[in-house]
Amino acid sequence: MAKASKKPARSRAAPKLAKVGRGELLTLLDFVRYAVSRFVEAKLTFAHGTTDPVAEAAFLVCEALHLHPDQFESFAHARVTAAEAKTLLDLIHKRVTTRKPTAYLVNKIYMRGLPFYVDERVIVPRSFIGELLDSHFGGDGEAGSLIDDPTAVEHVLDLCTGSGCLAILGAYHFPNAMVDAVDISKGALEVAARNVGEHGLDERITLHRGDLFAPLGANKYDLIITNPPYVDAEGMAALPPECRAEPKLAFDGGLDGLDVVRRILHEAPNHLTPDGGLLCEIGRGRELVDEAFPELPLLWLDTEDSEGEVFWIAAADLG
C-alpha cells in the first residue's frame, strides 16, 4: 500500500479585518475608536512609545494626517477625506496583521516632545533616560540634582546610541557639550545620522561605529549615558511579535542579561572625568545588578512610569 502523504503544517493565519463601508467612519475620533477596537481584538502589545491602545491609535491617526499628537483634541471631530480614510484603514490593517510597532509604520516617534525618525534598523526609542536628564540634571540647586551646572558639562558619551535620540537629548540638555555617540550597527548609525542632521546638531554630535568604548581611544567624559541590550535568554525567548520586529542586537544581553552592562561598568572608569558619572538603563534587572555588583553604591532612579530601572554611579565610586 502506498503511504498516505502528510498534510503540511498550517501556519497561523494573520487576522482579517472586516471591510469598512464607505462613510461609516467620518471623524478622527471615529478612526481612533475603530483602531482601538481592532487593536484590543487582536491582542496587540504596546511598549513602543505608547502604553495602551488608545494612545497608540491616536498616535497612528495623527501621524498619518501630519498632525502633532498635541493637536488631536483640536481636530478630534473633524472629518477626513476619502483618500485619508483609505490611508488610515491601511495603517490600522498593517498594525494588526504585521504586528509591527506603529513607529515603524509611520517612521516617527517622539521623546520628550521631540520627533525622531525610526525604521527597522533601530530599536524604537522608549528610554527613561530622557526624563531623568530633565529631573535629575537640571542644576539650579534643586534637591536631587546629580550635576550642579549643566552648562559646565563639556563632554558627553552615548553608548549603544541606536537612533541617536539620547545623544540628541543630551546635546539639548547640556548646551556647551560636545557629544560622542557609539553603536556597533552600521544601519543604526545611518538612522542616527539622519536624526542628528534633522536636529541641526552635526557640529556637536560625532557618531562612531564600534564595540562600546573601542573607537574612542583615551577620551574622557563628564557624563556617560547608555541604554544597552539587557534582555536575558528567558526574556528573549518570550519577546512579543512587536519586539521581534526590532533588531535582536538591541535586546540580547546574554544569558542573564548583564553581558554588556558588566563590560560598561568595567571599562567606564577609564573614560570618566574625576567628577563625572554613568547613567545606565537596565530595565527590570535591578536585583541581578545589585547581586552582581554588591560593592558598588548604585543610586537607583525612578520616573513617572518606572521604578528602579536606571542607575547612576559617580566616577569616584567606580574606582
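**Entry 1: the chain as a whole**

I began with the secondary structure, and the chain comes to 13 helices and 9 strands. Both are DSSP runs numbered from the N terminus, with helices (H or I) of at least four residues and strands (E) of at least two. This is a predicted model, where local features need pLDDT of at least 70 and side-chain atom pairs count only at pLDDT 80 or more, while totals for chains, interfaces and linings use all residues. Residues are numbered from 1 along each chain as its sequence is written, and side-chain values use heavy atoms, with hydrogens and water left out.

I looked up the extent next. The C-alpha atoms fill a box of roughly 70 × 70 × 30 Å, taken along the principal axes. Of the 319 residues in the chain, 50% are buried. Buried means under 20% relative accessible area, exposed means over 50%, and partly exposed lies in between (1.4 Å probe, protein chains only).

**Entry 2: the cores**

I looked for nonpolar cores, which are sets of buried Ala, Val, Leu, Ile, Met, Phe, Trp, Tyr and Cys residues joined through side-chain atoms within 4.5 Å. The largest has 66 residues, and F39, F174, I205 and L279 have the most contacts inside it. Helix α1 (residues 28-41) gives this core its largest share, 7 residues. Another core lies apart from it, with 27 residues, among them L212, L216, I264 and C280.

I then picked I205. Leaving aside neighbours within four places in sequence, I205 is in contact with A167, I168, A171, V179, A181 and V196.

**Entry 3: salt bridges**

I found 17 salt bridges in the structure. Each is a side-chain nitrogen of Lys or Arg within 4 Å of a carboxyl oxygen of Asp or Glu.

R95 pairs with E56, with the closest N and O atoms 2.7 Å apart. This pair links distant parts of the chain: R95 is in helix α4 (residues 82-98) and E56 in helix α2 (residues 53-64), 39 residues apart. Both R95 and E56 are buried.

D90 bridges to K86 at 2.9 Å between the closest N and O atoms. Both lie in helix α4, 4 residues apart, about one turn of the helix. I noted D90 as partly exposed because its relative accessibility is 35%. K86 has 53%, so K86 counts as exposed.

D259 and R262 also meet in a salt bridge (3.9 Å, N to O). They are 3 residues apart in helix α11 (residues 259-267), so about one helical turn separates them. D259 is partly exposed, with a relative accessible area of 40%, and R262 is partly exposed at 33%. Elsewhere, salt bridges that share partners join E56, R95, R99 and E242 into one network.

Not counting residues up to four places away in sequence, E131 touches R112, T303 and E304.

Note on methods:
Contact means heavy atoms within 4.5 Å.
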